[in-house]
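Please look over the model below.

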Amino acid sequence: MAPWGYSKENGPATWHKDCPIANTGVRQSPIDLITTGQTCAKYDSNLKPVIVSYPAFSEATFLNNGHSVQFQPSAGNLSELSGGPLTKKYKFEQFHFHWGNNDSEGSEHRVNGKMYPAELHLVHWNSESPNFSSFQEAVGSNDPHALCVLGFFLKVGAENASLKPITDLLSKVKNAGSSVSFPGKFDLKAVLPETLTDYYTYDGSLTTPPLAECVKWIVFKEPIEVSTAQMEAFRAVDDGHGKPITGNYRPPCPLHTRTVAASFK
Ligand SMILES: CC#CCOc1ccc(CNS(N)(=O)=O)cc1
Ligand SMILES: [Zn+2]
């Protein structure tokens with residue numbers, strides 16, 4: 001199986017060859033989040049703030065897997081997610097990013113067709129399900145909410161001091177397949193907006209193969225600011241074919257009969 005990627009030869013339009021669900025799925029991600037008109041996000045006053053418990057990670061690997069850069073704490077990490085649209089507690093698995101080669105593209109979700117320069121994904125799995133007891137089992141479980149991914153848009157502005165330990169490390173994982181053990185502690189909570197109250201939520205899938213339709217998506221309205229230099233650091237990461245990763249985002253997928261809820265008016 002030719003490894004999937006984002007080039008013409010192995011990009012999103014070819015993924016259906018190994019993952020038929022890419023074309024046959026009816027709850028694929030990402031989507032364009034429409035805020036007005038017929039199929040727009042509907043305000044739901046029952047949606048509560050998202051609650052994260054992210055003690056600073058003390059042991060983690062930072063990896064360039066050829067299609068993104070991924071921060072993966074050691075198995076012992078106790079970071080958890082609950083609240084929002086969730087009825088269960090979820091365990092943190094990893095975070096990674098999607099970005100473009102200029103500031104007008106890069107995010108996977110869009111808002112009324114607008115793309116942000118990048119998108120941060122915090123991947124979690126339902127640790128209270130009787131059907132699985134690991135992330136890998138959760139992905140293969142067919143449970144519609146086995147996973148919960150928090151999406152945060154990145155926009156260009158002031159330097160993000162909380163993300164600096166990550167963006168400063170990008171040059172150390174320039175080559176695809178390279179990884180480093182993360183030096184010291186990393187405080188992910190400090191990266192996120194203070195209040196996690198305003199978000200869109202819908203049922204979707206992983207946005208990369210295996211494209212499993214097992215994700216409760218929570219995409220926050222408020223972008224996280226990063227500097228131009230920090231954005232440029234992502235664009236210098238290589239894809240393993242001697243080229244920088246400059247567009248590891250899947251285009252939006254059809255909504256089909258799904259509805260999107262918004263926790264804000
Ligand atoms: C077993 C297994 C597996 C695959 O694990 C992942 C993990 C994260 C992702 C990223 N998906 S996304 N962009 O929707 O968060 C894809 C596959
Ligand atoms: Zn992602």
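**Overall fold**

This is a predicted model. The unreviewed UniProt entry annotates residues 2-264 as "domain: Alpha-carbonic anhydrase". Over that range the chain is 8% helix and 29% strand. The end C-alpha atoms of the range are 43 Å apart.

The chain holds four helices and 14 strands. Its radius of gyration is 17 Å, close to the 18 Å that the globule rule gives for 265 residues, so the chain is as compact as a globular protein of that length. The C-alpha trace spans about 45 × 40 × 40 Å along its principal axes.

Buried residues make up 52% of the 265 residues. Consider the contacts between residues at least 6 apart in sequence: 74% of these join residues at least 24 apart. The accessible surface of the chain is about 11900 Å². Carbon and sulfur atoms account for 52% of that surface.

Ideal angles for four tetrahedral donors are 109.5 degrees.

His96 lies in strand E7 (residues 90-99) and His121 in strand E9 (residues 118-126), so the pair ties together parts that are 25 residues apart in sequence. Both His96 and His121 are buried.

**Two buried residues**

Val260 sits in the loop between helix H4 (228-234) and strand E14 (261-262). Is Val260 buried or exposed? Its relative accessibility is 7%, so Val260 counts as buried, the cut-off being under 20%. Beyond its neighbours within four places in sequence, Val260 contacts residues including Ile31, Leu33, Cys40, Tyr200 and Leu255. Asp44 is 216 residues from Val260 along the chain, and their C-alpha atoms are separated by 9.7 Å.

Phe135 belongs to helix H2 (residues 135-139). At 15% relative accessibility, Phe135 also counts as buried.

**Backbone details**

| Item | Feature | Angle |
|---|---|---|
| Ser29 to Pro30 | cis peptide bond | omega near 0° |
| Pro209 to Pro210 | cis peptide bond | omega near 10° |
| Asn112 | positive phi | phi near 50° |
| Leu211 | positive phi | phi near 60° |

Where do these residues lie? Pro30 is in the loop between helix H1 (21-24) and strand E1 (32-33). Pro210 is in the loop between strand E12 (199-204) and strand E13 (215-226). Leu211 also has its place in the loop between E12 and E13. Asn112 lies in the loop between strand E8 (110-111) and E9.

Asn112 is partly exposed, with a relative accessible area of 40%. Leu211 is buried, with a relative accessible area of 0%.

Key: Residues numbered from 1 in each chain as written. Chains lettered and ligands numbered in written order. Predicted model: local features only at pLDDT ≥ 70, side-chain atom pairs only at ≥ 80, totals over all residues. Heavy atoms only, no water. UniProt positions renumbered as here; feature names shortened; annotations may be inferred. Buried < 20%, exposed > 50% of the residue type's maximum accessible area, 1.4 Å probe, protein only. Rg over C-alpha atoms; globule rule 2.2 N^0.38 Å. Contact = heavy atoms within 4.5 Å. Areas by Shrake-Rupley, 256 points an atom, 1.4 Å probe, with all protein chains shown as cover.
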